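Please open the structure in a viewer and keep the selection tool at hand.

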Amino acid sequence: MANPTDQRTYGSSRKGRGSADPRRGGYRTPRSRVSAARRAALDALTVVREREAFAHNVLESLLPERSLSPEDRAFATLLTMGVVQTWGTLDEVIDHALDNPGSISSNVRDCLRISSYEVLFLKKDAYAAVDQGVELVRSIVPRAAGLANAVLRRVVKLAEQFPFGDPQTDLAAFARSQGFPLWLAERFITDLGVDAGRNAMIASNDPAPVFVAVNALRGTDQEIQELLTAAHGSPVPVSFGDQDALPGCLRLENSHAVNDGRVRRAFNQGKILVSDAASQAVAQLTVETAAQVAQRLGVEGASLSMLEVGAGRATKTILLQSFAQRILGGQLQLTAIDNQHFKTNLVRSRAKDYGVEVASALTGDATRLDRALPGKSYDVVFIDAPCSGLGTLRRHPEIRWRVTPEAIREASNIQQKMLRSAASHVRVGGAMVYATCTVTQDENQLNVKRFLESPEGAGFKLQSIQSRAALATRLGPGSCDAHFAVRMVRVK
């Protein structure tokens, strides 16, 4: 074990530190031998920890302000995303290397996480990883450099036995090898099955593919396909199983194409937007459901009214109206509601940018829709439910270390309240689509069952989707995110 020279909290003092603002270059110390990539990663991780931000968003803001080579940018991204993926596992190993885990500050621990990730998961040269880790610590808390050296040397020794068991037979060892808390690994296995659960955890650590959606209100599929091809994006149409390709959905084999000037212009013109293929599939399902409602009622599809519950940042709003144009020949009479006023304003702003018609954008509590929409009913209600987000771990890897069993139960209860609140706002003969971006049964299958067995859900009947009870995408190599959706028809 490493022996701290005393029991003070190492790194609690800012003495010897430079600027603490990552936008100004982070913590600067004269003659620092720390690599630029590791410095950028440390600054990003500090923001992620202190603000509970998403690493992807932090990197998007921080990296353009640094004079980094393409190689350093890539390595800084790898380190940042890797550390947030394996956060708790790294802390477990670091704590094993300390006599007193509470003796180091959060700032010093950030540095140790970076070097430990290099040793445990990247299998980097131990000497280089330890040396750089010590230099990182020295640059922010010089007096803790000796402790860092001792801890990291111990981590190198522990790496010989990591993940401390056989991942093939020991779930705890498998969870460590994939950077998952054990309780969540057990949850994946329970809810998805052994093979699917393990595959989902492995895939959660892959880089997220880049998907784009063609906005049919502003551009054509052929136009955008040709544009992305010219930008060397190698766009590939996306399909699910043996189904036809999802209209307007393209996966970019070369994600750097989004930075091409011609492509950026198309983004600015509202012709395309970045959106995971699963989100696009959910939007298509919702509009196809609207088309079925129109057929049952004997009306024009574009005359239907739709309520979007949980409009968020309006990505689904845009997708819904784009698919309405494709499938129904015109936009729906769409009302969007969210519980945060700034998002309501964002819906209005983005709708204008993308040529989307929104009849009304409201701020209100989706668990008490009667207050926001007294006496109003709609042909289709789409609930894009807030959830644990466990289907999006490749994009937001920090979720696995922030979510708790209690948070999942709370999310499930809120979703149930949203379903029951929305039920009376669906016209008889109309339909409700419920969607999440998670994999837990409590938030998905069991929640739908719970609703259908409730007094509010008694008038609804589950309608199959491609001969299945639900749309449920799974995480796998090169796949979209894991989303879940069902549609229910109000029969009485």
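By class, the largest cavity is lined by five nonpolar, two polar and one charged residues (Ala, Val, Leu, Ile, Met, Phe, Trp, Tyr, Cys and Pro count as nonpolar, Asp, Glu, Lys and Arg as charged, and the others, Gly among them, as polar). The model is predicted: local features need pLDDT of at least 70, side-chain atom pairs count only at pLDDT 80 or more, and totals for chains, interfaces and linings use all residues. Residues are numbered from 1 along each chain as its sequence is written, and side-chain values use heavy atoms, with hydrogens and water left out.

Select A213, V214, P247, Q280, L319, S322, F323 and R326, which line the largest cavity. On a 1 Å grid over the protein atoms alone, a cavity is a set of points where a 1.4 Å probe fits but cannot get out, and a pocket is an open set with protein on both sides within 12 Å along at least five of seven lines; lining residues have an atom within 4 Å of a point. The space in this cavity is about 40 Å³ (grid points are joined across faces, edges and corners, and a volume is the space filled by probe spheres set on the points). Next, colour α14 (315-328), which with β1 (210-214) gives two or more residues to this lining; α14 has the largest share, four residues.

Move on to the second largest pocket, which holds about 760 Å³ of space. Select F240, G241, Q243, Q466 and L471, the closest to its centre of 28 lining residues.
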